[in-house]
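This report covers selected features of one protein chain.

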Amino acid sequence: MFTIPKGTKDMLPEEAFKWHYVENTARSVASLFGFKEIRTPVFEHTELFLRGVGETTDIVTKEMYTFEDKGGRSVTLKPEGTAGVARAYVGSVQGSGILPYKMYYLTPVFRYERPQAGRLREHHQFGVELYGAASAMADVEVISLAKRFFDTLGLEKLTLNINSIGCPKCRKVYNEALKQYLFEHLKDMCPTCNSRFEKNPLRILDCKEEKCKAVTAEAPVVLDYLCDECKEHFEKLKRGLDEVGIKYVVNPKIVRGLDYYTKTVFEFVSDAIGAQGTVCGGGRYDSLVEEVGGKPTPAVGFGMGLERLLIVLESENLLDKAPAETVEYYIGSMGETEAEYALKLAASLRAKGRSVETDLLGRSVKAQMKYADKIGAKYVVIIGDEEIKTNTLKVKDMTTGEQQSVSADKL
Ligand code: ATP
Ligand code: MG
């Protein structure tokens, strides 16, 4: 017996309809906004993530699946979706003259983490990337896309938290003020935060440990340190969200886990699923494209965890709306000759685009009826002598239990 690797999950056929529902909704909402799909490899050169995610992040320091391939190259399974997209953009798209350039992805993501509810070693993300627009209106567009997606799924109880972490210029001033404040409290904070103090003090605000939260509750607030340009950008973002009627909470503790963010950061959070409540995180990363070797290109986007989203949808009974993927006709049969007739009938129905199953096990009619019920067939037809002779079929509607006689070629 082999067991599944820790922190991974199979998507079983019984659950496929939920994933298709969420993915199809993602695709159709993305296209409402003019975003097109991009698929990048599951693995990339490790260096890309060191550059594009940041050497001080949790992802790079602790969570990457990195290995050497047979050619001696260091490669890494993608721990997020953005870096690969930025690499593809720089390599193949930049210079095409299309700006803004809008992409979305649906991808598996790999992170070596301690598995728990809503935290896996392989999870899946829906993400969008909008390149080439520096204006806060682009941030509003990306947030609106996420909101439209949630609305389409009927998910209302998510809180949108927004913040600005400024640009390298004003963040430098803020980092100093923050460090000055935190210095006296280092002994009251967790070892991780102590190690973040020099390299990435901003991330301390994001720590989930109670004792660290108690310290940061009184810390200086980044919004008070924004330069004029960043302040104006944040004001414009809020006005834009007001304009399109999207409610938000300004939360100065939102900093996001990746190094490349500038200005806007945001999260959609659910309080229905406990600790792992952040379903979607995103923001602006104006220096990323340049960081991975491209021309300076402003960028904004988000990444959304689909397993967490499904947990929330399940907990709010919102998956009832997902179309069931069941077969339309079950054509059963009473004997061998009848089974051959059923096979032919199935072939002609499938040629018309109808989904059909027939008996492949030579079972009794009772057992076939039980099977048809189990697979959720909409209509059941049993082929006997009479049916073959008259070419007339009794079609049973499994929802109402009603039966109708129909000529075989009218089916
Ligand atoms: P967290 O603070 O929960 O670790 P994060 O900041 O690492 O989240 P992002 O890198 O922003 O998360 O990823 C975007 C989204 O992907 C998250 O909001 C979450 O919904 C989902 N996600 C991240 N890590 C995991 C994981 N290990 N398992 C399942 N979903 C995840
Ligand atoms: Mg994380």
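## Helix α4

In this predicted model, helix α4 (residues 82-93) is largely enclosed by the rest of the structure, because nine of its 12 residues are buried. The buried positions are T82, A83, G84, V85, A86, A88, Y89, V90 and V93.

Just after α4, G95 has a positive phi of about 100°.

## Packing of α1 on α11

Helix α1 (residues 16-32) packs with helix α11 (residues 306-315) at an angle of about 105°, and the two axes lie 11 Å apart. Angles of 65 to 115 degrees count as roughly perpendicular, so α1 is roughly perpendicular to α11.

On the α1 side the contact is made by K18, W19 and V22, which meet L306, E307, L309, L310, L313 and E314 of α11. Sorted by class, this contact has six nonpolar and three charged residues, and no polar ones.

## Domains

The domain assignment divides the chain into domain 1, made of 13-167 + 227-315, and domain 2, spanning 329-410. Taken over C-alpha atoms, the centres of domain 1 and domain 2 are separated by 48 Å.

## Salt bridges

The structure holds 23 salt bridges. One of them joins the side chains of E37 and R39, with an N to O distance of 2.8 Å. E37 counts as partly exposed, at 30% relative accessibility, and R39 is exposed, with a relative accessible area of 68%.

E113 and R119 form another salt bridge, in which the closest N and O atoms are 2.9 Å apart. Since buried means under 20% relative accessible area, E113 counts as buried at 13%, and R119 is also buried, at 19%.

A further salt bridge links K394 with E387, whose closest N and O atoms are 3.4 Å apart. Here K394 is partly exposed, with a relative accessible area of 40%, while E387 is buried, at 8%. Elsewhere, D58, K62, R196, R203 and D206 are joined into one network by salt bridges that share partners.

Definitions and conventions:
Residues numbered from 1 in each chain as written. Chains lettered and ligands numbered in written order. Predicted model: local features only at pLDDT ≥ 70, side-chain atom pairs only at ≥ 80, totals over all residues. Heavy atoms only, no water. Axes fitted to C-alpha atoms, helices over the stretch in contact; angles between N-to-C directions. Helix = DSSP H or I, 4+ residues; strand = E, 2+ residues; numbered from the N terminus. Parallel < 35°, antiparallel > 145°, perpendicular 65-115°, else oblique. Contact = heavy atoms within 4.5 Å. Nonpolar A, V, L, I, M, F, W, Y, C, P; charged D, E, K, R; others polar. Buried < 20%, exposed > 50% of the residue type's maximum accessible area, 1.4 Å probe, protein only. Domains from an automatic or database assignment. Salt bridge = Lys/Arg side-chain N within 4 Å of Asp/Glu carboxyl O.
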